[in-house]
Amino acid sequence: MAGRGRRLLARLRAALRPGLRWKISAAIAAVSALVVLALSLLVHNAARASMINSTRDVQDERVQSALRIYEATGRLAFYARLDDPDLPAALKRYAAKGQRATYVVDADDGDPTVWAETPAGDGKVLSLKSSFNDRYSVLVDLDGSLIVGSTLVVGGGTAMGVLIGGRMSRRLRKAATAARKVADGDPHVRVREAVGGRRVRDETDELARAVDAMADALQRRLEAERRVTADIAHELRTPVTGLVTAAELLPPGRPSELVRDRVHALRTLVEDVLEVARLDGAAEHPELAEVELGAFVGRRVAALAPDAVVTVEREARVRTDPRRLERILGNLLANAVRHGRPRIEVTVSGPLLRVRDHGPGFPPELLDEGPSRFRTGSPHRSGGGHGLGLTIAAGQARVLGARLTFRNLPETAGGGAVAQLHLPG
C-alpha cells in the first residue's frame, strides 16, 4: 500500500507540475511584455518630447508676435502679461540677461504649462503661458493605443507560445509514452515513429533517435543474454535428466533422499530458467479457449493446494490459455504456501482471480518494483525456492494479456499478501 501511495503521489505531483507548454507561453508572454513596455515608454517619451518642442516653438512665435503688437499699439495680445508675478524663476533669470526663453512646468494632475518670455524694454518682461490641451490630448490617445497594441502583442505572443509549446509538449509526451512501452518490453515500438512530424526536424527528433538507438542496443544485449541463459539451461537439461535417473537408482536411505531432493530441485530450476528465457523473448503466443473460470479454479486448487479455500463470488466465462492460467495459479499458490501462513483463500469474482494468505505480506521491494528473478523477498518471507515463481507468473500473465498485481492488506483487515489476476473480459 505504501508503494502504491507513493506512485499515486508522484503522479499527482507530475499532473500539478507546470508543463513545457505553459513554461514556454509564460516565457514568451514575459519577453513580449518587457519588449512592448520598453517600446511603449520609448514611443511615449519620444512623442512627448516632440510635442513639447513643438509647443515651445509655437509659444516662442506667439510671444514674439505679442511683443511686436505691444511695441506697435501698446496693447497686450494673446493674453500676454507684463511682469507676471507667477513667472518661473528660471525665466526671470533669462529675462534679466535680456534673453528670450521658453519653459515647461509639469503638472501632476493636468497637462504641462508652457511659458514664454521676452524682454519688452524699460526693464519690463512680456510673458505668455498656455497648456495646449488639444495637443496633449493626442498624447493621451497615443497612450491608449499603445496600451491596446501592447495587450494584443502580449496576447498574440502568449497564444503563439501555447501553440508552439503545445506541439513540442505533445511530441515529448508521445516520446515518453513510447519510451515507457519500450521499457515495458515491447520490442516493436520506436520513439521516432511515435513522435511523427517528419516535416519538422528539431531536438525532439534527435532525442527520439537517441532513445531508439539505446533501445536497440539494450534489446540486442538482452537478447544475447537471453540466448546465453536459454542455451545454458538447455545444455543442462541432458545431464540433469541423467542425474535424476541415476538418483532414482540409488539404494534407499537418508543420503539418497537428500541427493534426489537436490537433483529434483536442480531440474525444476533448469526448467524454470528455460521458461523465463522463453517469456523474455516475447515470442510466446497463447492457445486460447473458452473457460468457466470458477469451475476451472476449483478443480485446479483442489489438486494443487487442497487446504486452500475457494470462493466463487461471481462466475465468469473467459477466453484464455488454460495451461498458462494453471501455471500462474500454481505459482501463486506455491508462493502463498511457501512464504505465507494459513488460511489460503482463492476468490473468483468475474474475470478477477484473487489469492490471499495470512502471512507477513509481500516485501516492499516487490510492491515497488514487481517480481524479480532470484530474489525471494524479505527474511520474513524466506524459505525454499529460487525466486522465479512470481516472475514466471507475471510473464505468463503478460502473454495472456492479463494484469497481475500485488498488495498487502492492513492489520485491521487481517493482514496478509494478496495477488490479483485481472483476466481480459
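At what angle do the axes of helix α8 and α9 cross, and within what distance do they come?

1. Basis of the note. This is a predicted model, in which local features need pLDDT of at least 70 and side-chain atom pairs count only at pLDDT 80 or more, while totals for chains, interfaces and linings use all residues. Residues are numbered from 1 along each chain as its sequence is written, and side-chain values use heavy atoms, with hydrogens and water left out.

2. The α8 and α9 pair. The axes of α8 (residues 293–304) and α9 come within 10 Å and cross at roughly 50 degrees. Axes here are lines fitted to C-alpha atoms, for helices over the stretch in contact, and angles run from 0 to 180 degrees between N-to-C directions. The two helices are therefore oblique to each other (under 35 degrees is roughly parallel, over 145 roughly antiparallel, 65 to 115 roughly perpendicular, and the rest oblique). The crossing of α8 and α9 is right-handed, that is, the near helix is turned clockwise from the far one by less than a right angle. On the α8 side the contact (heavy atoms within 4.5 Å) is made by L293, F296, V297, R300, V301 and L304, and on the α9 side by P322, L325, E326, L329, G330 and L333.

3. The sheet. An open sheet of 5 strands runs in the order β6-β8-β9-β11-β10, with mixed pairing; two strands pair if DSSP finds at least two bridges between them. Strands β6 (309–314) and β10 (403–408) stand at the edges with a single partner strand each, so one side of each has no neighbour in the sheet. On average, neighbouring strands are turned by 15 degrees against each other, direction ignored. Strand β8 (residues 345–349) pairs with β6 in the parallel sense over 5 bridges, and T347 of β8 is the bridge partner of T311.

4. Helix α9 on the sheet. Helix α9 packs on this sheet, touching β8, β9 (352–356), β10 and β11 (417–422), and its direction makes about 20 degrees with that of β9. N331 is found in α9 (residues 322–339) and counts as buried at 10% relative accessibility (buried is under 20% relative accessible area, exposed over 50%, partly exposed in between, with a 1.4 Å probe and protein chains only). Leaving aside neighbours within four places in sequence, N331 is in contact with G389, I392 and A393.

5. The aromatic pair. The structure holds 1 aromatic pair. F362 and F406 form this edge-to-face pair, at 5.2 Å centre to centre and 80 degrees between the planes (ring centres of Phe, Tyr or Trp, the last by its six-membered ring, lie within 6.5 Å; planes under 30 degrees apart are stacked, over 60 edge-to-face, the rest tilted). F362 lies in the loop between β9 and α10 (364–369) and F406 in strand β10, so the pair ties together parts that are 44 residues apart in sequence. F362 is buried at 6% relative accessible area, and F406 is buried at 15%.

6. Backbone points to inspect. The peptide bond from P342 to R343 is cis, with omega near 10 degrees; R343 is placed in the loop between α9 and β8. Y79, not a glycine, has a positive phi of about 60 degrees and lies in the loop between α2 (20–73) and β1 (81–82). Y79 is exposed, with a relative accessible area of 80%.

7. Overall composition. The secondary structure comes to 11 helices and 11 strands, taken as DSSP runs numbered from the N terminus (helices H or I, at least four residues; strands E, at least two). Of the 425 residues, 36% count as buried.
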